[in-house]
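Let's take a walk through this model together, strand by strand and helix by helix. Have the sequence and the 3D view open side by side as you read.

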Amino acid sequence: MIAMIRKFLDLAGERKKQLYLAWLFQALTSICEGAIYFMLFLAIKDILGGSFTKEKLIQYSLMFLIYTVLHFVFYYFTIAKQRPVSYAMMRDERLSIAAKIKRFPLHYFTKDKISQLTSLFTTDLGFVEMNIMEIIAGFISSMAMTVIFDLMLFLVDWRMALLLLVGIIPGYLLYQRFQKSMVQCGEQKKNCQVAMIDSTLEYVQGMETIKAYQLEHSGKLAEKQVDGYCAASDRYESTLTNWNMAYKICLNIGLFLSLGIGISLFQSGTLSPATYLFFAIMGIIFYRPLEALMGSFAMMNLANASLDNISEIHNLPDEKVKQGNRPFTDIQSDVQFEDVSFSYDGKRTAVNHISFSAKPGTITALVGPSGSGKSTLLNLIPGFLTPETGRILLNGQDTTTLEHSDLIRHVSIVFQDVYLFQDTMMNNIRMGNQNATDKQVIEAAKKAHCHEFIEKLPQGYQTVINEGGASLSGGERQRVAIARAILKDSPIILLDEALSSLDAENAVIIQKGIEEMIKGKTVFLVSHTLSYIQNADQILVLSDGALQGCGKHDELLQTVSLYKTMWEKENSIKNWKLT
Ligand SMILES: Nc1ncnc2c1ncn2[C@@H]1O[C@H](COP(=O)(O)OP(=O)(O)OP(=O)(O)O)[C@@H](O)[C@H]1O
């Protein structure tokens, strides 16, 4: 628990003071709640001693009144201080993690990492926000109550107090073992849960294939994982119950001892009936806060795991982008690669000692087998990745010395997968240039051949696109991306398989949009279809990250065997028909 509180305080920053204040009020509330039992003892003593007069009644009534007012005030401040802090802290966390992940390298965002981040933003931050203050408040309350109870008990009769405390030692030892065993059980439960989520997701995402091939075993696997999770949860709960019972029994040893020995002390005349009665009542109440600690263990474990996930993101190193501050405003760009190499993992090179140059206004096509490094090479140009060795020069200036925002402004990118945001069509295109007027946006849309389909949408340019642009076809999304790039009007344009997976009609329309977009620009184009790029000014042939050849189509057919083979294969597919 202490470790969890420390982790939480680490996130609190300047709000630490507010937290301490909230916890102080929580302790005062609990002390108030505990102190009422002392009044009860005094009242029992007076009643049994026959000294309960009218004045005493007024005295007790006043004390109860003061207690109620104090309890109310402390409770009010506890709630008022606690609630807003966790919401404000998690708001800050959400924003700071969002800012942090923006600094991660592009290749960090694999499917796994995206689902991990989604779970962090929804489950972990949400859990901490909703529960952690309550868990810590419960702990502080338990501790404050235990301390105040101890003081009272020792004040009334130290012998009986010691007897009542006897159960705490075995209880504590048991708690230590309980923690270890529950962590193990919790791990197993979590693993089963992950396996269940994975197989259920696979089941849902693969539904098309499952139906087409009648893969009954896929459903069975998901069923098995669901059963596994249910069994693990059952095991977790029954282990928790068993430990809980053992812990309660240990604690209550003190109660039996104090009641038993209390009788003989009473008989020997050294213990008053009021004290015996008081310890009998306190014996039942005394262990409640300690039992509550045990009960909150599962929640504490989950909060701990969520806090670990949050700090794990904070501890990840930022992207190692070498950023300079030299301004870059040239309207045309000559791009030069000088012996550039890059590796994602520091072991396998994805781009290996590449050198070439591209003159302003020319088209450079990148071709090669899957995994040969084409996309990696493209991502090096706008600085999404930084070369490990070698340099990329823009008009003779090393890109790593340039102001990053200037560099990004000089490059437009059209990826194969286009992401549209949940916003109007107008704003989705305007992302290419935030200062563009509506007229300029529409102009760009016309050039990109998307005006026609946008006009047909229910509210035209004001139609809100759903997240990711799922309501639009692949071809329509591509055209929006081209409109964005036309609006951005950068001297360098990167096209990463912009024409793949499109039908012939869409490909023709998009090609027209692309022609409009690339006029006078320095273009880098990745394509798997050689016939699309055979007129490029130069074609780079890549294999395993290395440059196999560079030149025009006819030249490469003569000099680079890989290119020749790719061309022949493409032509043989063209002639392929069902027999
Ligand atoms: N995010 C990443 N993390 C680690 N390795 C990566 C990552 N992206 C690509 N790679 C690896 O780098 C190499 C080059 O990949 P790249 O995507 O650049 O090839 P490509 O020629 O564009 O492939 P494709 O034509 O299939 O898109 C491959 O071996 C690939 O597995």
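Leu-394 stands opposite Gln-397 in strand β5, and the bridge partner of Leu-393 in that strand is Asp-398. These are the two bridges that join β4 (residues 389–394) to β5, and the strands run antiparallel. Strands here are DSSP runs of E with at least two residues, helices are runs of H or I with at least four residues, and both are numbered from the N terminus. Two strands count as paired if DSSP finds at least two bridges between them. Together β4 and β5 form a hairpin with two residues between them, and Asn-395 in the turn has a positive phi of about 50 degrees.

Before going further, a word on the ground rules. This is a predicted model, in which local features need pLDDT of at least 70 and side-chain atom pairs count only at pLDDT 80 or more, while totals for chains, interfaces and linings use all residues. Residues are numbered from 1 along each chain as its sequence is written.

Now step from β4 to its other partner. Strand β1 (residues 335–343) pairs with β4 in the antiparallel sense over five bridges, and here Ser-341 stands opposite Thr-389. These strands belong to an open sheet of four with the order β2-β1-β4-β5 and antiparallel pairing. Its edge strands, each pairing on one side only, are β2 (349–358) and β5 (397–398).

There is another open sheet to visit, with six strands in the order β6-β7-β8-β3-β9-β10 and mixed pairing. At its edges are β6 (411–414) and β10 (546–551), each of which pairs on one side only. From one strand to the next, the twist averages 15 degrees; such angles run from 0 to 180 degrees between N-to-C directions, and axes are lines fitted to C-alpha atoms, for helices over the stretch in contact. Within this sheet, β7 (residues 492–496) and β8 (residues 522–526) pair in the parallel sense over five bridges, with Ile-492 opposite Thr-522.

Helix α17 lies across β6 and β7, running at about 175 degrees to β6. Follow α17 (residues 474–488) to its helical neighbour: α15 (residues 438–447) packs with it at an angle of about 125 degrees, with the axes 8 Å apart. The contact is made by Gln-440, Val-441, Ala-444, Ala-445 and Lys-447 of α15 and Ala-483, Ile-486 and Leu-487 of α17, where contact requires C-beta atoms, placed from the backbone, within 7 Å.

Finally, turn to helices α2 (residues 16–48) and α9 (residues 273–286), which pack at an angle of about 150 degrees with their axes 9 Å apart. That makes α2 roughly antiparallel to α9. From α2 the contact includes Tyr-37, Phe-41 and Ile-44, and from α9 it includes Leu-277, Phe-278 and Met-282.

The unreviewed UniProt entry places the feature "transmembrane region" at several spans, including 21–45 and 273–290; such annotations may be inferred rather than shown by experiment. Residues 21–45 are 100% helix and 0% strand, with end C-alpha atoms 36 Å apart. Residues 273–290 are 94% helix and 0% strand, and their end C-alpha atoms lie 27 Å apart.

Key. Parallel < 35°, antiparallel > 145°, perpendicular 65-115°, else oblique. Contact = placed C-beta atoms within 7 Å.
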